[in-house]
Structures are given as C-alpha cells and as structure tokens.
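Hi,

Here is the structure I promised to pass on. Have a look at it first, then read my notes below.

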Amino acid sequence: MWDLGVTVGETEVLLLDVATLGSAGGCDEYGGESEENSQRYSALIHSHRMPPPSDIVKVAVEWPGANAQLIEIDQKKPLSSIIREVCDGWSLSGSEQFALRYADGAQLYITEQSRGEIKNGSILRLAISPARAARQLLDRIQSLSIDARLEALKEMAKLSADPSFATEFINIEGMNTLARLVESGTHFGEMLAFTLTAFLELMDHGIVSWDMISLSFIKQIAGHVTQPLVDVSILQRSLAVLESMVLNSCTLYHRIAQEIPITQLITHLQVSNQEIQTYAIALINALFLKAPEDRRQEMASTLIQKHLRSIILNHIIRGNRPIKAEMAHQLYVLQVLTFNLLEERMMTKMDPNDQAQRDALFELRRLAFDGESDPTGTEKRKALYTKDYKLLGFINGVNPALDFTQTPPGLLALDNMLYLAKIHPDTYTRIVLENSSREDKHECPFGRCVIELTRMLCEILQVGELPNEGCNDYHPMFFTHDRAWEEFFCVCIQLLNKTWKEMRATTEDFNKVMQVVREQIVRVLAMKPLTLDQLKVKLYNLSYSEILRLRHSERVNQDDFHSAPIIELRERIQPEILELIKQQRLNRLCEGSCFRKLAHRRRQEKFWFCRLSLNHKVLHYGDLDESPQGEVPYEMLTDKIPVCDIKSVDVLELAFSILYDPDEALNFVAPSKYEYCIWMDGLSVLMGKEMCSDLTRSDLDTLISMEMKLRLLDLENISIPEAPPPIPKEPSSYNFTYNYG
C-alpha cells in the first residue's frame, strides 16, 4: 500500500492509496492539465509520520487512461532511470521518448537541473519528451488542415514558455517556421494570435538574438499596429513584439521607428481598452528610451505637437476605469524619461564668454529693473549692472555667470529664471523688487535661491536617473501642462519666497529655509495633487507654522517623556507592545500575500501566493492564474518550505530572497513598502531575530505613545471596575417601531 506525505496547514496528511484513486483519464498527449484528477488526487486523510529522507521525494505520477502511480523519487538516481521505472509501471516502451512535467501551475518539464525543486506531495505527469513534442508540433503547425494547425499553435503558445521545449524547438529551426507563418500574411484571428504568443515566448528565453528578425517580419507586425480594425489580441501581441524588438536590439530601433508613426501609437491611447493603451504607451517609452540622444528632444517635440500629454490626461488618468499597476508603471516611466530631457542642461556649466548666455543674464536684469533695453556699455552703466545683479540675489555681482558654473543645476537654473521672468513677469518682478527694496537684512537672495531650488527639485524628481523597474510613482499633475517642469518650479519659487518671509530669515538662515521648503514640497508631493493649482493650494496651506506644528506632533512620542518614572514605565510597556506587533506580523503571514512574477514582459501579470501555516512551521506557496480576491486555501499552494530549513534572508529595496538548503532560494518582489516590511518582520520573528523595519519602529512608537497616554490620564474620582460591565438582558420584543405621523 503506497502513501504520499504532504503538509496542509498545521497537519501532516497522506494522499489516498492507489487503489482509491481510480482512473487518471482526462490528460492530453502532452500531459495537459486535468482539474478533475488534481482534485481527486488531493483527497486527504490525517496521519502523523516521520519526514522522509531529504533525498527521497514522494510524488504522484499521472498518465492518460491509467491509474496514477505513487512513487518515491530518489534524487541521487539519474532522471532517465526514474522515467524508465515509471514507464515500466504502465508497460510503456521507449522511455527515452518520455519526460516528467508538473501537473499544476506552469506545468514545466522536469530536468536534471530543476529536479531539486520537486517537493513532497507534488503531482507530476508523464508526457512525451520536449524533443518529441517539438518535432510533432512543428509538423502539425504546417498541416494543410486549418483545424489541426490551430490546435497545434494553441498548444505551442502554452509550451513555448517552457525552456526545455523552447530549446528543442529552436534547435530544429522552428523559429524560422513561425516567422514564415507571420510573414506570409495568411494567418488571421486566433491562429495569428497564438502564433505571435508562441513567437514572443520563445524569443524571451534569450536563445535567439532579436537581430535575426527580417525586415518583412517587422513590416508585417507593424501593419497590424497601423491598420484599422485589427483584432484586439493580435494588436496586443504585435505591440508587445515591437516593444521587445526595440528594447533588445540596437539595430532594429531605426527600422521600427520608420515603420511605426508616433501618431498611430497615440491613436491607440484613445481607445477604451486599457490593455491596448498600456502596450501602446510601453512601445512609446521603449522608442523614447532607445532613441539616440540627438533625437530624443525631436521626439519629445513631436509628442507635444501630437498632444500626447492631453490625450493621456483625458483618456487614461481621467478615464472611467481605475489605473492598473502596469499602466501606472508606464506613466511613471514616461514621466522619468520626460524629465531626463533636462539632464543635458542640468549638467552643462555656463560659459562666461558665451554671448548668448550673457544676453540671457542681461535679459533677466532688464526685465526686473528696466522698461527698455539699453545696451550701451559705459562704465557708469556697468557699475549699475553690477548693483542690479547684486539686487537680483547673485553671489558674483560683477560676473553672475560664475554662479551657474556648478553642476547640477548648471544652465537649467538659468532656464527656470528666464521662464519665470518671461511667462510670469508679474510674479518675477514682484519677488525681485520686494526683496531688493528691503533694508532690514531679511531680503531673500533670489538668484541664489533659484539655483539651490533647481538643484533640490532635480534631486526630488531624480532627474537623470533611469526608471526603477518596480516603481509606479507617477504624478498626475505633471500631465496637466506642456511645460510641467517649469510651472512646477514657478510654484515652488513662490513657496520659497513665502516661507522666507514667514521665517523672517536672513542670509545666515539660507540652509535652514531650504530644508523647510524641501520638507514642504516632499510632503505635498506625497499627497499626489491632481493639478498644479491643487499643488499651489496645498503648498500655501502648508505654511512654516504648520510645518512646526507637524514636527512638534511627530516629536511628541520622543520628547514628551523624559523623567525617570516615565522612562521606566515605557520600558515595562515595550515588551508587551513588541509581542503584540510580533503576533500581528505572524497573523498577516498566515493570511498570506500575492506577489507578481517579474518577467521580460511585465504585462503578462503572472502571480504567485505565499502564506504561513497556522502552526508557524511551514511556508506554503504556489502559482496563480490571476490576482486572488480573498484568501487562498492551503490546498491550492502546492509547494512548501519548512521554516526550520530557512538559512537566511537577502534583501534589496522591495525585493528579498529566502535562502534554504544549500543552493535553493525563493525570490519575492513586494508590491509595496508596507507589504515588504510585514514580510521582513514576520520572517525575522520566525528566525528568532529582532524586527528592524521602519514599520515596526513606527508601530512601536504609535502604540507605546497611545498606551502611555492612556495610563497617564487624569482619572481622579473615577473608579475603574475590575471586570467588564455585564451584558444587558435581551429585550422582551424586537418589534421596535417609530411612528413618524
């Protein structure tokens, strides 16, 4: 009698024996999924057994039309020997033509390299080998029967994600066949969609270079994007193929840029399907990112002329549907790439001998102090200019060009000053004259402030840095104006001038003022104002006095209690609070979290789920087809890691890896900083370490503060009962009514 040990939740259980399993029918010839059998094989009975040796794994193996075999896999034996034994169990000859695949999840082939991932309780399927499957499918996709070809391409789309199958299929020149099917232009509808899906999956393995793509293939794919009334599934895959070409091949960028007009991509942003919008903006970002530096400004000008910003604002940001994570990421990427166009000016020093740059400085002085230009170069006029430049707040009054020699912000600061002076002349002259006429040492050095503020904004918005793969931090207000950067600066320089006056600052307080302004800007950006007007209102309301109040309230927990008795009380309370936080973290791990699998193409939206068993001894995890709505039962999570096997946890920003066994790791990418802290704390507790996350520090401070305040309340003349008050008796009737008449 065979049995198969697995762990579900808190209890170690056994799969039923072979005699009770019955027929395992319902699998296709490639070992496709049979949900009915998977449920039947997961019938469980309670038992407590000693764990098997680490080299022995107990699994179930299915084959169409036969009873399942429950076997023990010796990981020291060659995989070919194990497959031979399985074939012998069903009297199948030619074991070299067979392979093992997982029955659940991605249903990948098991190889000598991946066999170590097999867990106790896994359900496997005997299937034809990757080489045999590749040869059969290559023949079938060239069949004269349309139905046979469609079924073969459908199976290809599934199998192409498997690296073993992909290697075999590519080795028999299968990629050329798929490329010819696309180039022929004779495939439409589902058949073409499956062909493109298989092609993209195969290319994503990195076995074949994207540079092998022919011009006719590119033209055919581009035609699907530029032609009207193309099937949605074909359009999605065509956009994805083009994006991968641009990102993975330096030589294909120019060809694709010629074949795909930006206007056509912008048209796809005006549809109601957010998936199409996401693929379209991803291709725009890819073209933007890979464009030569001398073409990026030209491309940006074209996007402005074609009203890309307003289309994104009206059809996506202000659309009727909530923005999904991938769209938010693409908007963030576009925002970063747009601001990175400022990098060249930011890193360019001013040349004191450049006449055009000197004219720009002269224009700043003229707009502030003169009604008309007077280029006469008399000594008297030069002395007057020096005085005016001092009044403008430059450190080097004789030659203010020297103020712009530091990078960053370089010439970008000069550009910002000119924009303010020409587009908002009233604001510019008001700020300049207001400060130049003061004689109480509280004048704000406008020129110096502009330079420092520009540097600060570049740091806050990370100008010049590449987009972060896991970031979705876009700001809707930057899509409300074609000159969003300059307008953002104009709002912030007014804030700086206002804060300077509120602080009654002098030049000695310059750094202190800049720190306050930075805090004001960062706090308001975190609120994600929808428009620049909202930004202005929120910054206006966040005055210096409000910043002081917020700082004070945030320091209350740290500064309120310093006496010895209070400190002693805090030390007594802290262990209780820490234990409370530990329990909360473990409870959250027991509830589990959904994580997204990061692939070459983010928009595949593949997910997996992980949760801790109720006895805190096992981590259960498994793949999901879509993001779950609610709790995922343990039975659906086919893989597990005993907590006692965890050796360490490696961390990197929002990513972390659980290291177990000598060479095994489970990799996580947290969807948010909160979820990252929850898991890091929970894993630390499981490993007997201290919780060190920012969330723990915040929760600890908050809860201790609340508990301290409750215990220190003035309760004079108030008796606190030892037991809770009794629950009132039930009313004699529940027919409560009220007559409004």
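**What I found**

Let's start with a sheet: four strands make up an open one, in the order 5-4-7-6, and their pairing is mixed. (Strands are DSSP runs of E with at least two residues, helices are runs of H or I with at least four, and both are numbered from the N terminus; two strands pair if DSSP finds at least two bridges between them.) Strand 5 (69-74) and strand 6 (98-102) are at the edges with a single partner strand each, so one side of each has no neighbour in the sheet. From one strand to the next, the twist averages 40 degrees. Strand 4 (residues 56-62) and strand 5 run antiparallel, joined by six bridges, and Val59 sits opposite Ile71 in strand 5.

Before going on, a word on the source: this is a predicted model, where local features need pLDDT of at least 70 and side-chain atom pairs count only at pLDDT 80 or more, while totals for chains, interfaces and linings use all residues. Residues are numbered from 1 along each chain as its sequence is written, and side-chain values use heavy atoms, leaving out hydrogens and water.

Now to helix 7 (residues 174-184). Its buried residues (buried means under 20% relative accessible area, exposed over 50%, partly exposed in between, with a 1.4 Å probe and protein chains only) include Leu178, Leu181 and Val182. Among the elements covering them are helix 6 (163-171) and helix 8 (189-203). Just after helix 7, Gly185 has a positive phi of about 70 degrees.

Which residues touch the most other members of the largest nonpolar core? They are Leu178, Met245 and Ile312, out of 86 residues. (A nonpolar core is a set of buried Ala, Val, Leu, Ile, Met, Phe, Trp, Tyr and Cys residues joined through side-chain atoms within 4.5 Å.) Helix 8 gives the most to this core, 10 residues. Domain 1 (56-128) and domain 2 (151-337) both contribute, so the core lies between them; the domain bounds come from an automatic or database domain assignment.

Last, a hairpin. Strand 13 (residues 655-660) and strand 14 (residues 664-669) pair antiparallel over six bridges, with Ser657 opposite Asn667 in strand 14. Three residues lie between the strands, and Asp661 takes a positive phi near 55 degrees.

Cheers

Terms used. Contact means heavy atoms within 4.5 Å. Axes are lines fitted to C-alpha atoms, for helices over the stretch in contact, and angles run from 0 to 180 degrees between N-to-C directions.
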